[in-house]
Amino acid sequence: ARKLNLKNLQFLDLFNVYEVIYLEKNAKPSPDHETHLHLLSEAKLTEHFPGLHKDLKKYYAAMSALEIIREIAQDNQPCPPLFDSFVFLLHHLSTAQNYSFLLANFKCKALLWLGQSPNVSSCSVCGKALVKTPAKVAFSYREGGILCGQCKAGKRHDGDMSGPVLSLMAWLTTYSDAEIHAIRPAPGLQIELTRWLDGYFQYL
């Protein structure tokens, strides 16, 4: 048999990026939905993020993102936008300090890929457009976004989202990963944004 070529596997790590060659098994799914593993032929390390192991908070942020991928991605179904956003997160977590904002950006991109981004531009019930950013606005996980004053009265909502966080969430779902360096939200806004995104994911 040909010798297995596994280059640089001394750096085998959950958050490294590898180029791999594998032989795909075409076995039929078993009745108990057992996963059939493919045969790995070659693996080459392409990117390494040692900084993640030096800061527990950064490592936890990377693990949180990986758990999101595990929940929403399907086996054997490539999703390049989600993969690119995850690698971007790993790159910048390894060197940056604003890990909570980087993770929030990844969550917004994951929701965008899922087609489940919260509605932050119009009422999620009646569709009335938001003319200008208010000081605060009702937000409902169940309805999938903000509620106007009229619909708020007849619907259960999960609290009032501040206007700056509303604008920030809209910005993150519109612009690319590389553009997030253009803004530096205050720590308080990052905390509120994280709270709303965590609640939204839990509801989904």
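**Figure 1. Leaving aside neighbours within four places in sequence, serine 122 contacts Gly127, Lys128, Ala129, Leu130 and Ile146.** Contact means heavy atoms within 4.5 Å. The model is predicted: local features need pLDDT of at least 70, side-chain atom pairs count only at pLDDT 80 or more, and totals for chains, interfaces and linings use all residues. Residues are numbered from 1 along each chain as its sequence is written, and side-chain values use heavy atoms, with hydrogens and water left out. Serine 122 is located in the loop between α3 and β4. Helices (H or I, at least four residues) and strands (E, at least two) are DSSP runs, numbered from the N terminus. With a relative accessible area of 14%, serine 122 is buried; buried means under 20% relative accessible area, exposed over 50%, and partly exposed in between (1.4 Å probe, protein chains only). The side chains of serine 122 and asparagine 119 make a polar contact at 3.3 Å. A polar contact is a pair of N or O atoms within 3.5 Å; within protein, one must be able to donate a hydrogen and the other to accept it, and residues adjacent in sequence count only if both atoms are side-chain atoms. From serine 122 to glycine 145, 23 residues apart in sequence, the C-alpha to C-alpha separation is 8.4 Å.

**Figure 2. Strands β5, β4 and β6 form an open sheet in that order, with antiparallel pairing.** Two strands pair if DSSP finds at least two bridges between them. Strands β5 and β6 are at the edges, each pairing on one side only. From one strand to the next, the twist averages 55°. β4 (residues 136-140) pairs with β6 (residues 160-162) in the antiparallel sense over three bridges. In this pairing, valine 137 stands opposite methionine 161, and the bridge partner of alanine 138 is aspartate 160. β4 also pairs with β5 (residues 145-147), again antiparallel and over three bridges, and phenylalanine 139 stands opposite isoleucine 146 there. Four residues separate β4 from β5 in a hairpin, and glycine 144 in its turn has a positive phi of about 85°. Four of the five residues of β4 are buried, so the strand is largely enclosed by the rest of the structure.

**Figure 3. Serine 140 is part of strand β4.** Its relative accessibility is 0%, so serine 140 counts as buried. The side chain of serine 140 reaches the backbone nitrogen of arginine 142 at 3.3 Å. Neighbours within four places in sequence set aside, serine 140 is in contact with Gly145, Leu147, Arg156, His157 and Asp158.

**Figure 4. Helix α5 (residues 163-172) is mostly covered, with seven of its 10 residues buried.** The buried residues of α5 are Gly163, Val165, Leu166, Leu168, Met169, Trp171 and Leu172. Their cover includes α3, β4, β5, β6 and α6 (187-203). Helix α6 also lies across β4 and β6, running at about 140° to β6.

**Figure 5. Helices α1 (residues 56-72) and α3 (residues 99-114) pack with their axes 10 Å apart, at an angle of about 5°.** This angle makes α1 roughly parallel to α3. Angles under 35 degrees count as roughly parallel, over 145 as roughly antiparallel, 65 to 115 as roughly perpendicular and the rest as oblique. Axes are lines fitted to C-alpha atoms, for helices over the stretch in contact, and angles run from 0 to 180 degrees between N-to-C directions. On the α1 side, the contact is made by Lys57, Lys58, Ala61, Ser64, Ala65, Ile68, Ile69 and Ile72. On the α3 side, Tyr99, Leu103, Phe106, Lys107, Ala110, Trp113 and Leu114 take part. By class, the contact has 11 nonpolar, one polar and three charged residues. Ala, Val, Leu, Ile, Met, Phe, Trp, Tyr, Cys and Pro count as nonpolar, Asp, Glu, Lys and Arg as charged, and the others, Gly among them, as polar.

**Figure 6. Alanine 43 is found in strand β3 (residues 39-47).** Alanine 43 is buried, its relative accessible area being 3%. Alanine 43 and valine 17 are 26 residues apart along the chain, and their C-alpha atoms are separated by 9.9 Å.

**Figure 7. The protein chain has six helices and six strands.** From the N terminus on, the elements run β-β-β-α-α-α-β-β-α-β-α-α. Of the 204 residues, 38% count as buried. Among contacts between residues at least 6 apart in sequence, 65% join residues at least 24 apart.
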